[in-house]
Amino acid sequence: MTNYKLGIVESRFADIIWAQEPLTTNELIKLCSRELQWKRTTTYTVLKKLSEHGIFQLRDKVVTSLISRDDYYALQSEQFVEDNFAGSLPTFIAAFTKRRTLTADEISKIHHMIDNAKEE
């Protein structure tokens with residue numbers, strides 16, 4: 001897995017791939033031209049960079065991900081909690097809820113996640 005942090009534009013590029021994969025390089029170039037106003041060379045440069053970081057791969061002119069969008073952002077969330085809250089999820093939640101009240105629905109969903117975590 002990767003600990004590389006996507007920038008804003010790279011995130012938009014990655015979202016294009018995650019939403020459309022598998023896709024050919026020609027399809028990716030057309031999408032990036034339309035959605036990001038990129039030239040072919042920019043698309044290849046960014047794809048190469050993110051492939052080197054183990055996020056995507058290019059094989060036989062077909063682009064696929066090596067890590068799903070959900071897994072990528074889960075890793076980023078874990079790293080954020082580790083870096084900023086000494087790995088303590090309760091400390092993160094305390095900081096998060098200090099200035100923001102959770103709705104009843106959010107609390108219910110969090111309870112459900114905790115119950116599911118206990119079972120695993």
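Tutor: Start with helix α3. Its face turned away from the buried side carries T41, T45, K48 and E52, which are exposed (over 50% relative accessible area; buried is under 20%, partly exposed in between, with a 1.4 Å probe and protein chains only). Helices here are DSSP runs of H or I with at least four residues, strands are E runs with at least two, and both are numbered from the N terminus.

Student: Before I go on, what kind of model is this, and how are residues numbered?

Tutor: It is a predicted model: local features need pLDDT of at least 70, side-chain atom pairs count only at pLDDT 80 or more, and totals for chains, interfaces and linings use all residues. Residues count from 1 along each chain as its sequence is written, and side-chain values use heavy atoms, leaving out hydrogens and water.

Student: Ok. Which residues of α3 are buried?

Tutor: T43, V46, L47 and L50. They sit on the same side of α3 because they cover an arc of only 100° around the axis (taken from the directions from the helix axis to the C-beta atoms).

Student: Why would residues a few places apart point the same way?

Tutor: An α-helix has 3.6 residues a turn, so residues three or four places apart point the same way.

Student: What do the buried residues of α3 pack against?

Tutor: They pack against α1 (8-20), α2 (25-36), β2 (56-59) and β3 (62-65). Contact means heavy atoms within 4.5 Å.

Student: And L50, what is it in contact with?

Tutor: Leaving aside neighbours within four places in sequence, L50 contacts Y4, L6, E10, F13, I55 and F56.

Student: Which residues touch the most other members of the largest nonpolar core?

Tutor: L6, F13, I17, L28, L50, I55 and F56, out of 21 residues in that core. A nonpolar core is a set of buried Ala, Val, Leu, Ile, Met, Phe, Trp, Tyr and Cys residues joined through side-chain atoms within 4.5 Å. The largest share of this core, five residues, comes from α1.

Student: New topic. What is the strand order in the sheet?

Tutor: The order is β1-β3-β2, in an open sheet of three strands with antiparallel pairing. Strands pair if DSSP finds at least two bridges between them. The edge strands, β1 (23-24) and β2, each pair on one side only.

Student: Where is the bridge partner of L23?

Tutor: In β3: the partner is V63.
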